[in-house]
Amino acid sequence: MRVAELITQDRDFFPKLLDIFRMCEDLENLDDLHMIFKLVRGIILLNSPSIFDKIFSDEFILDIIGALEYDPEVAKVQKHRIFLKDHVVFKEAIPIKNISVVSRIHQTYRIGYLKDVILPRILDDATLASLNTIIHTNNAAVISLLKDDACFIQDLFSRMRSPNISMESKRELVLFLHEFCTLSKSLPLVQQLRLFRDLSGEGVFEIVSDVLQSQDRKIVSAGTDIVILFLNQDPNLLRSYIVQQEGNSLLGLLVKGMVTDFGEQMHCQFLEILRILMDSFTMSGAHRDVIIEIFYERHLDYLVDVIASSCPSRSATRTSPNSAVVGGNTEGHRIKPEILLNVCELLCFCVVHHPYRIKCNFLMNNAIEKILTMTRRSEKFLVVAAVRFMRTIISRNDEHLIRHVVKFNLLKPIIDAFVENGDRYNMLQSGVLELLEHIRKENLKPLVIYVTESFSDQLMKFEHFGSIQAFKLKYQQYLESADMKLSASVPDMRKKAEGRGLEKEEEDYFNESDEEDLVRRTKHAHSEHNEESKDDVANGSETGDISSRPKSGGLVDYADDDDEDFNPPPKEPDRPVDDDELLTISTVKRKLVNTGDGKHADGEVRKRQKIETRITCAKISALTNLASKHKDSLASSSPSCEANGVLGEHATHSDEHQHSPDTAETSRQVGGDCIKAMGSLSSEKAVNTTKTNDSEPYSVR
């Protein structure tokens, strides 16, 4: 670094050195020229920015390049200065009035020539990086000065829009615009974005649309490069322009250019443009759905038809492997296999990024079958591309697409190509086996069953592959699981049937009316009563003795001597009318409740029977009360007979013995009738319709 400082401090160093060089060159002293070459090379390798500023100036640059022509390792002297002066021509598509800009342009070119042509073997990495930095700085300065010149940009676009411009001039302007946009990458990011927005506002996309319609491949390539530069910077600028366009849009030109033969590199450029343009991950704003809708409505069918028309039919023989004529193309362009490959790649991209939109198109237009016609091509890489396309569709795991594949037998072209390939170990075989392996691992049951049942005979000779064996094993597992489910479902159905039967019985049980339950209980009670009656008849003497006993006035008979002297008070007469009213009210209420329940006609008949039974019980109770009153009246007359002595007493007892059998018989008949009548009612719901006074000796049950 001390040497570099001494050189830069001495202002006369380079002028004196170059004077010596010119003197030795005139004398043709090669030894001294070789020495000067080594000296200049060492100065450059010092990698000093201050030294670079001096030697790359317009004053010294040509003499420095001249000194580097005499390389001692090269037998022949190089003529770099002659090339730079005579063969390198600086063309100005638009006149540049700024002298500083022109000087930097020349300097940048000469530094690049020195770096790439004169000293490529000598420069180390540090010096090379310094030279690249100088070039980058000069480019940024040139673009910055030109973009700030409003007159320069306006003049450029006005000339490109001129209808009277020649093809050569137009070509120069397009190439200049391309270089201008390319060099703009040297600017900072903010300045780049500002520049591209200014160019978009000036109408750069209209210029590009006109360029893409040209037959000159060179300017078409320049136009595609410009589009890619804009997309890399801000894709929404181009999307906004396409959305605002009408008719033959720039998007249509890009799609058409993709299937046009502009050269091998051009195909990839159009594919890259369409990918960036429709990348859903970089889309934002209101134009996101519009640009996709335009592509699917206007251009997707065109690309699918290009594939379908370029592939032979099933009956036709395969065409030449190099090209095929597109049906319906009036220009008669031939589609190369590389173009078909790029179209297939674009469709795979659309399946991944726009699954819903492309699914609707595939289901409505049956586009998958058209794309799979590539399996009939003789180029194996196109057949592999078709397999990759099907793999991309199945990888979405979309139920509708899978059903569509099964319904239209869309895997048949893939399997046919696999079988035709035989045992050749290539990308086609690996691609199909990987497709089957993916179906198996993802448990796509419809596809497993469809492939095995449809192509088992064709795949039989490939069972030595592990993927085919695992695929068939998966199919067998599905069948076994289906059989197990079927066998397990039979007992379940029986259990369900039994359960339904039990539920039906329970339902019928709970749906039975209370009246039917009461009828059954009444019959049971009646049968028990009949058995008790038979027992009473068998024990008739005992019953007569019990009934002939004198009844006490209380609930419990006491064995006191005063019982005979007890005179019970007269009993109030019964009021059957009130009892009948209560019975009527109870009957009416019961009728209203049952009517509210909405029972059918049979229920009404049973209600009437109940009411009649209750009335009968009431009448029987009334008769029983009359009999008890009659007995009480007889008992009340016994004190008057007490004064007559023993004779009267015997007479009273004789009367009692005369009446007691009748009374007992009457009570027995009344009780039996009452039990029969009340047997139709449940024990819980039986209502005692008679009223008893507290003075009654006992209750009639």
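Which residue forms a salt bridge with K170? Select D210: its closest approach to K170, N to O, is 2.4 Å. Keep in mind that this is a predicted model. K170 sits in helix α10 (residues 167–183) and D210 in helix α12, 40 residues apart, so the pair links distant parts of the chain. K170 counts as buried at 17% relative accessibility, while D210 is partly exposed at 37%.

The crossing is left-handed. Show side chains for F205, S209 and L212 on α12, and L250, L253 and L254 on α15, which make the contact. By class that's five nonpolar residues, one polar and no charged ones.

Next, pick E25 and R81, another salt bridge, with closest N and O atoms 2.5 Å apart. E25 is in helix α2 (residues 13–27) and R81 in helix α6 (residues 80–87), so this pair ties together parts 56 residues apart in sequence. E25 is partly exposed at 22%; R81 is buried at 16%.

Then try R121 with D71, a salt bridge at 3.4 Å. Both lie in loops: R121 between α7 and α8, D71 between α5 and α6. R121 is exposed at 58%, but D71 is buried at 10%.

Last stop: F462, in the loop between α26 and α27. With 1% relative accessibility, F462 is buried.

Key. Residues numbered from 1 in each chain as written. Predicted model: local features only at pLDDT ≥ 70, side-chain atom pairs only at ≥ 80, totals over all residues. Heavy atoms only, no water. Left-handed = near helix turned anticlockwise from the far one by under 90°. Helix = DSSP H or I, 4+ residues; strand = E, 2+ residues; numbered from the N terminus. Contact = heavy atoms within 4.5 Å. Nonpolar A, V, L, I, M, F, W, Y, C, P; charged D, E, K, R; others polar. Buried < 20%, exposed > 50% of the residue type's maximum accessible area, 1.4 Å probe, protein only. Salt bridge = Lys/Arg side-chain N within 4 Å of Asp/Glu carboxyl O.
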